[in-house]
Amino acid sequence: MFVLAGQSVATMLGRLYFIKGGNSKWMATLVQTVGFPIMYPFIFLFSPSKTPPQYHQQVVKRPSLTTLVILYTTLGIFMAADCMLFTFGLNFLPVSTFSLISASTLAFNAFFSYFLNGQKFTPFIANSLVLLTFSSTLLVFQSDSEETGKISRSKYIIGFVCTVAGSAGWGLMLSITQLAFQKILKSTSYKVVFDMTVYQNMIASIGILMGLFASGEWKDIKWEMRGFESGQASYIMNLVGTAVAWQVFTLGYVGLIFEVSSLFSNVIGTLGIPIVPVLAVWFFDEKMNGVKVISMLLAIWGFVSFIYQHYLDDLKEKTNAKLLNLNHEVNLTGTSSISQ
């Protein structure tokens, strides 16, 4: 729910920022990470001394401070660059098109998961990747539509390339995050989820702030706020709401990586893809043309294919578990008979 709600609300508010007169790409990028302070209370709430014994950290040797600094700094810089790419994409593309192209993250994540996380490919997963790739690629050919008529061909291509590049980077970062949980953090305490969320967002925010001041865009923020179509209060509410929504999303996706896998976290994010275009038609009066409908249906088909594979895996695990229990009972019965 955190992933679906946070992703949908943040994407809609991010597009609204540009529609109502927002122009600062650095500010639009900053709000994707700067809401991390709201997570601080949870770090103390989930500290090992306050969690139940069954959730306490079970690994004696913890990673060194240097290792953690390198890990969070790398992920933070990665996140800052990725957020900037997505900002360009959201600025130059209609929100529904941007959302559907972002579906390619699942294909990239599956590719990186194969090499970094030992993800196994099956016919259903391969089918899912092909469909989702076609789904996002199809959208580059619809820039002459009514909806994108006001966007130049060059800006559309830039938005498309940035969104695809951001999706690839995001897929890689998800796999690296899972690898960090498995090989470096090695903790069973949920505190590591909040640590990961806070510290990588903090590093990303520092990097983006440096870009904001270096670019000189900070000088225009006051005038941008005054010229915002809905008023200054609406401008502040938009930025605050976007920041909170992105933190909710981040907490959700990191939590899913911690509990299941990076690929499963990405699948849940893909599930939210049809939500944003529908909301965009409702709130922004965007057109749902034929190409976009086909693209959305392919994305849903790809998602269903992936979920079906998870269903088969779960069914196989349950069957194996029953067989193990049955063999165990038979062995116990045989041992009891011999003893008698």
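**Reading the features**

Mentor: D195 and K191 are both buried, where buried means under 20% relative accessible area, exposed over 50%, and partly exposed in between (1.4 Å probe, protein chains only). This is a predicted model, in which local features need pLDDT of at least 70, side-chain atom pairs count only at pLDDT 80 or more, and totals for chains, interfaces and linings use all residues. Residues are numbered from 1 along each chain as its sequence is written, and side-chain values use heavy atoms, with hydrogens and water left out.

Trainee: How many salt bridges does the structure hold?

Mentor: Side chains of opposite charge can pair when their charged atoms come close. A salt bridge is a side-chain nitrogen of Lys or Arg within 4 Å of a carboxyl oxygen of Asp or Glu. The structure holds two salt bridges. One joins D195 to K191, with the closest N and O atoms 2.9 Å apart. The other joins K318 to D314, and here the closest N and O atoms are 3.4 Å apart.

Trainee: Where do K318 and D314 lie?

Mentor: An α-helix has 3.6 residues a turn, so residues three or four places apart point the same way. K318 and D314 both lie in helix α14 (residues 290-339), four residues apart, about one turn of the helix. Helices (H or I, at least four residues) and strands (E, at least two) are DSSP runs, numbered from the N terminus. D195 and K191 are likewise four residues apart, in helix α9, and are separated by about one helical turn. D314 counts as partly exposed because its relative accessibility is 35%.

Trainee: How is a pair of aromatic rings read?

Mentor: A pair of aromatic rings is described by the distance of the centres and the angle of the planes. Rings of Phe, Tyr and Trp (its six-membered ring) pair if their centres lie within 6.5 Å; planes under 30 degrees apart count as stacked, over 60 as edge-to-face and the rest as tilted. The structure holds 21 aromatic pairs. One of them is the edge-to-face pair of Y190 and F258, 5.4 Å centre to centre with 90° between the planes. This pair links distant parts of the chain, 68 residues apart: Y190 is in the loop between α8 (153-185) and α9 (191-215), and F258 is in helix α11 (residues 232-259). The rings of F228 and Y235 have centres 5.2 Å apart and planes at 75°, so this pair is edge-to-face. F228 is buried, at 4% relative accessible area, and Y235 is buried at 2%.

Trainee: Which residues do ring pairs link into a cluster?

Mentor: The cluster consists of F42, F181, Y190, F194 and F258.

Trainee: Which residues does N109 touch, beyond those up to four places away in sequence?

Mentor: Contact means heavy atoms within 4.5 Å. N109 touches G171, L174, S175, S262, L263 and N266. N109 is placed in helix α6 and counts as buried, at 0% relative accessibility.

Trainee: And what may be said of W26 in the same terms?

Mentor: W26 is in helix α2 (residues 25-30) and is partly exposed, with a relative accessible area of 25%. Leaving aside neighbours within four places in sequence, W26 is in contact with M84, I208, G211, L212, S215 and E217. W26 and G211 are 185 residues apart in sequence and 7.0 Å apart in space, C-alpha to C-alpha.
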